[in-house]
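Hi,

Here is the structure I promised to pass on. Have a look at it first, and then read my notes below.

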Amino acid sequence: MHYVAHLCKDRKLKKLLALQPPFQLKRRKDIHIYLCASIMSQQLSVKVGDVIYKRFLGLYGGRKPTALQISQTPFDVLRSIGLSAAKTSYVLNVAKFAEEQGIETSKLSGMDNEEVIAYVTQIKGVGRWTAEMLLMFALQREDIFSAGDLGIQTAMKRLYKLVEADKKSFRQQIMSISEKWAPYRTYACMHLWAWKDGA
């Protein structure tokens with residue numbers, strides 16, 4: 001893969017790359033579904049998140065619903081699949097925003113990373129972390145570093161023997177390490193997550 005040689009310049013990261021197959025990014029067209037699924041699965045295990053997502057699709061005959069279909073779904077019906085009241089309202093916020101403002105891939109592709117983040121975080125329930133995951137896993141942006149992601153922080157602490165004395169200096173440390181990975185920071189994050197999870 002095109003990014004491997006560049007990331008291997010970081011000797012610590014090179015060890016992980018030797019243990020794992022290269023990753024590929026896929027573009028997704030259904031951004032509203034991606035954001036809804038992301039909200040549904042937050043703070044849940046992958047297994048529970050998958051169950052709730054399957055129930056969600058079940059409301060629409062097993063197919064991915066349009067933003068309009070979601071926004072016309074009664075609050076209590078959405079809630080009945082196992083969502084909290086907050087998550088239910090966030091899912092409806094995404095659908096309404098998609099209907100009114102548009103979050104198609106074609107619209108977001110014309111924006112740079114920070115513009116995409118500013119645009120989608122207007123939706124109540126979509127934070128910076130969700131927007132960064134969207135950039136990585138739905139828009140195929142290769143150079144995203146999610147400094148606030150706990151998995152990334154944990155992996156970098158272990159790999160680079162970092163001590164988190166205070167949040168600010170720790171963040172500066174990981175940001176400066178990640179700068180060496182540009183323009184392929186997304187792939188570095190994917191390898192760090194896989195390593196942390198024992199893949």
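Before the details, one term: a salt bridge here is a side-chain nitrogen of Lys or Arg within 4 Å of a carboxyl oxygen of Asp or Glu. Please also keep in mind that this is a predicted model.

By that rule, the structure holds eight salt bridges. Asp30 is buried, with a relative accessible area of 14%.

Then there is the salt bridge between Glu132 and Arg128, at 3.0 Å, N to O. These two are four residues apart in helix H10, so about one helical turn separates them. Glu132 counts as buried at 6% relative accessibility, whereas Arg128 is partly exposed at 40%.

Asp197 and Lys196 also form a salt bridge (3.0 Å, N to O). Here Asp197 counts as exposed, at 56% relative accessibility, and Lys196 as partly exposed, at 31%.

What does a buried Asp149 do without a salt bridge? Its side chain makes a polar contact of 2.8 Å with the side chain of Trp193. The nearest side chain of opposite charge, Lys196, is 7.2 Å away. You'll find Asp149 in the loop between H10 and helix H11 (150-160).

Now for the pockets. The largest pocket has a volume of about 770 Å³ and is lined by 22 residues, with Ser38, Ser41, Leu44, Val46 and Trp129 nearest its centre. Which helix gives the largest share of that lining? H3 does, with five residues. By class, the lining has ten nonpolar, seven polar and five charged residues.

The second largest pocket holds about 270 Å³ of space. Its lining has 18 residues, and among those nearest its centre are Glu114, Ile144 and Phe145. Arg128 and Glu132, the salt-bridged pair from above, also lie nearest the centre of this pocket. H10 gives the most to the lining, with four residues. By class, there are seven nonpolar, four polar and seven charged residues.

Happy browsing!

Definitions and conventions:
Residues are numbered from 1 along each chain as its sequence is written. This is a predicted model: local features need pLDDT of at least 70, side-chain atom pairs count only at pLDDT 80 or more; totals for chains, interfaces and linings use all residues. Side-chain values use heavy atoms; hydrogens and water are left out. On a 1 Å grid over the protein atoms alone, a cavity is a set of points where a 1.4 Å probe fits but cannot get out, and a pocket is an open set with protein on both sides within 12 Å along at least five of seven lines; lining residues have an atom within 4 Å of a point. Grid points are joined across faces, edges and corners, and a volume is the space filled by probe spheres set on the points. Ala, Val, Leu, Ile, Met, Phe, Trp, Tyr, Cys and Pro count as nonpolar, Asp, Glu, Lys and Arg as charged, and the others, Gly among them, as polar. Buried means under 20% relative accessible area, exposed over 50%, partly exposed in between (1.4 Å probe, protein chains only). Lys and Arg count as positive and Asp and Glu as negative; His and the chain ends are not counted. A polar contact is a pair of N or O atoms within 3.5 Å; within protein, one must be able to donate a hydrogen and the other to accept it, and residues adjacent in sequence count only if both atoms are side-chain atoms.
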